[in-house]
Every structure is written in C-alpha cells, then in structure tokens.
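Dear colleague,

Please find below the structure for your review. A summary of the findings follows it.

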Amino acid sequence: MKRLYIALALLSAAIIFSISSYFTINKKIDKIIELMEIDREITIMTTEPDETRTKAITDAWEENETYLVSMLTHQELEEVEIGIMCLPDYLNQGFTEEYIKTLNECINHLYHIKETEKADTKNIF
C-alpha cells in the first residue's frame, strides 16, 4: 500500500511540475514577444531602431535564457538567440530593414515554440 501512495505522490509531483513549467515558459516567452512587438511597431513608424528598446530585449532574453534553454530543446532557441545577438549590430550599423526582419523572425520562432509546447493531440501524436 505504501508503494501505491508513493507512486501517486510522484505522479502528482510530475503533473504539477509539468503544468507549472508550461505556464512559466509561456509567461517568459510572452514577455519577450511583447517587447519585440512593441519595438517592431515603433521602429516601423519611426524608421529608426532605438538602443534602449534593443537593450530591453537583450536584457529580457539574458534574464530568461537559462530557464528556457534548460526546459526546451536548444535547437529551437538557437535561432532566436542568434537573432537577438544580431539586433545590436544591426542597430549600430543602421540596417533598419534587417533589424525589423530579424525581429519578425524571432517573434515567429517564439510563437512556434509556444505552439509546440501546448498539450494537444497534434503535438503528442
């Protein structure tokens, strides 16, 4: 009987950990996406990227990167990481089109990561 209780406790712990991890991942990704979308809209309107917005994006990424890399596959996050590392370079060189394109790619990759983390039948089977 003790084994049954231990098994149920472990199962409950695993389910709670999975659910809390899912919501934490979504919260962290949403924060980064929100910063990127705001920056994209302002950059499109002003046709000039801003250093403070770029710094906010890179800081948010660095703050959440360790957790995201430990919980998700590295291959999916690698493209986002490379894009975010390129943003300051595009800003300094004045490549506004590449800056916006990179923001769009990073936003799309992050949305894709969120979609693949959902617990629905198309992701399970």
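Of the 125 residues in the chain, 30% are buried. Please note that this is a predicted model.

The chain contains five helices and zero strands, giving the pattern α-α-α-α-α along the sequence. The chain is more spread out than a compact globule, because its radius of gyration is 18 Å, well over the 14 Å that the globule rule gives for 125 residues. Taken along the principal axes, the box filled by the C-alpha atoms is roughly 70 × 30 × 20 Å. Among contacts with a separation of 6 or more, 70% join residues 24 or more positions apart.

Helix α3 (residues 74-93) packs against helix α4 (residues 96-117) at an angle of about 160°, and their axes are 9 Å apart. An angle over 145 degrees counts as roughly antiparallel, so α3 is roughly antiparallel to α4. The crossing of the two helices, α3 and α4, is left-handed. On the α3 side, the contact is made by E76, L77, E79, V80, G83, I84, L87, Y90 and L91. On the α4 side, E98, Y99, T102, L103, C106, H109, L110, I113 and T116 take part. By class, this contact of α3 with α4 comprises eleven nonpolar, four polar and three charged residues.

Finally, Y5 lies in helix α1 (residues 2-46). Y5 counts as exposed because its relative accessibility is 52%, where the cut-off is over 50%.

Yours sincerely

Technical notes:
Residues numbered from 1 in each chain as written. Predicted model: local features only at pLDDT ≥ 70, side-chain atom pairs only at ≥ 80, totals over all residues. Heavy atoms only, no water. Helix = DSSP H or I, 4+ residues; strand = E, 2+ residues; numbered from the N terminus. Buried < 20%, exposed > 50% of the residue type's maximum accessible area, 1.4 Å probe, protein only. Axes fitted to C-alpha atoms, helices over the stretch in contact; angles between N-to-C directions. Parallel < 35°, antiparallel > 145°, perpendicular 65-115°, else oblique. Left-handed = near helix turned anticlockwise from the far one by under 90°. Contact = heavy atoms within 4.5 Å. Nonpolar A, V, L, I, M, F, W, Y, C, P; charged D, E, K, R; others polar. Rg over C-alpha atoms; globule rule 2.2 N^0.38 Å.
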